[in-house]
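Please look over the structure shown here.

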Amino acid sequence: MADDKDVLRDVWFGRIPTCFTLNPDEATEREAEPYYLLLPRVSYLPLVTDKVKKHFLKVMKAEDVEMWFEYEGTPLKWHYPVGVLFDLHASNTVLPWSITVHFKSFPDQDLLHCPSNSVVEAHFMSSIKEADALKHKSQVINDMQKKDHKQLWMGLQNDKFDQFWAMNRKLMEYSTEEGGFRYIPFRIYQTSSDRPFIQKLFRPVSPEGSAHTLGDLLNEMYPDKKRYQVLIHGIEPLLETPLQWLSEHLSHPDNFLHICVVPAPTD
């Protein structure tokens, strides 16, 4: 199990060096210096950008207004994990990731409003419940008490690996005769698609009893076999990796396996 714990820890502590700069159209009292931050891959932008907001509001004429982020013209959806946003939009760029900060002209058509962290909590817990419905017919999450749900959320919000996993490990259990979860909670993202993501029922084990792999899943979703790069937490897992193992070790805290399918690098 030591190796498994190391994988979980490496995933949790993945960071993206990021440079935040203020949109030049914003009215400021004086020039705004960029702000640098190591963004946790498994978190969400509203949970990790308080310091960014404080930094830029110091030079702003406006008072406390809603902050939103954009990368190369694309508004960044706060309800996607940070690592998914990077892999989807910036995986082939030079670090640090350069994000533009905005305080006006909120793009209502592209982004959900996020007035407080309680909105993030509601989204996060909704995802965990959906994932457990797929994995265990909701039996595990329904057996937990409200304080257990709170422990999952506080673990993520406060970046406490041990606090989170003490509770989350229950959501990763299954009996040996089942050989895995009922269905694998996954979402596949593509920049080239109009759909936000692809999600469908997919079992970890075939009717014949063999383990389904990442390659099996992708063949079902993309039978045309175009050239693409598949990223989970910024790495390209081997296509023969069993989906059950990926779901247990490389899922985000929301218990979904977030898979980014991006154009293969040309160089």
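The questions and answers below set computed values against definitions.

This is a predicted model, in which local features need pLDDT of at least 70, side-chain atom pairs count only at pLDDT 80 or more, and totals for chains, interfaces and linings use all residues. Residues are numbered from 1 along each chain as its sequence is written, and side-chain values use heavy atoms, with hydrogens and water left out.

Q: Why is C114 called buried?
A: Buried means under 20% relative accessible area, exposed over 50%, and partly exposed in between, with a 1.4 Å probe and protein chains only. C114 has 16% relative accessibility, so C114 counts as buried.

Q: What makes C260 buried?
A: The relative accessible area of C260 is 1%, and therefore C260 is buried.

Q: How many disulfides does a search of the whole structure find?
A: A disulfide is a pair of cysteine sulfur atoms within 2.5 Å. The search of the whole structure finds zero disulfides.

Q: What is the span of helix α5, and what is expected?
A: Helices (H or I, at least four residues) and strands (E, at least two) are DSSP runs, numbered from the N terminus. The expected span of a helix is 1.5 Å times one less than its number of residues. Helix α5 (residues 117-136) has 20 residues and reaches 28 Å from its first C-alpha to its last, close to the 28 Å expected. K137, with a positive phi near 55 degrees, follows α5.

Q: Which residues of α5 are buried, and what covers them?
A: Among the buried residues of α5 are V120, F124, M125, I128 and L134. The cover includes α2 (45-48), α6 (139-143), α7 (146-157), α8 (161-171) and β6 (186-189).

Q: How many cavities of 30 Å³ or more does a search of the whole structure find?
A: The search finds one. The largest cavity has a volume of about 90 Å³. Its lining has 13 residues, of which V11, W165, S251, H252 and P253 lie nearest the centre.

Q: Which residues lie nearest the centre of the largest pocket?
A: They are P46, K53, E66, M67 and C114, from a lining of 18 residues. The largest pocket holds about 350 Å³ of space.

Technical notes
Contact means heavy atoms within 4.5 Å. On a 1 Å grid over the protein atoms alone, a cavity is a set of points where a 1.4 Å probe fits but cannot get out, and a pocket is an open set with protein on both sides within 12 Å along at least five of seven lines; lining residues have an atom within 4 Å of a point. Grid points are joined across faces, edges and corners, and a volume is the space filled by probe spheres set on the points.
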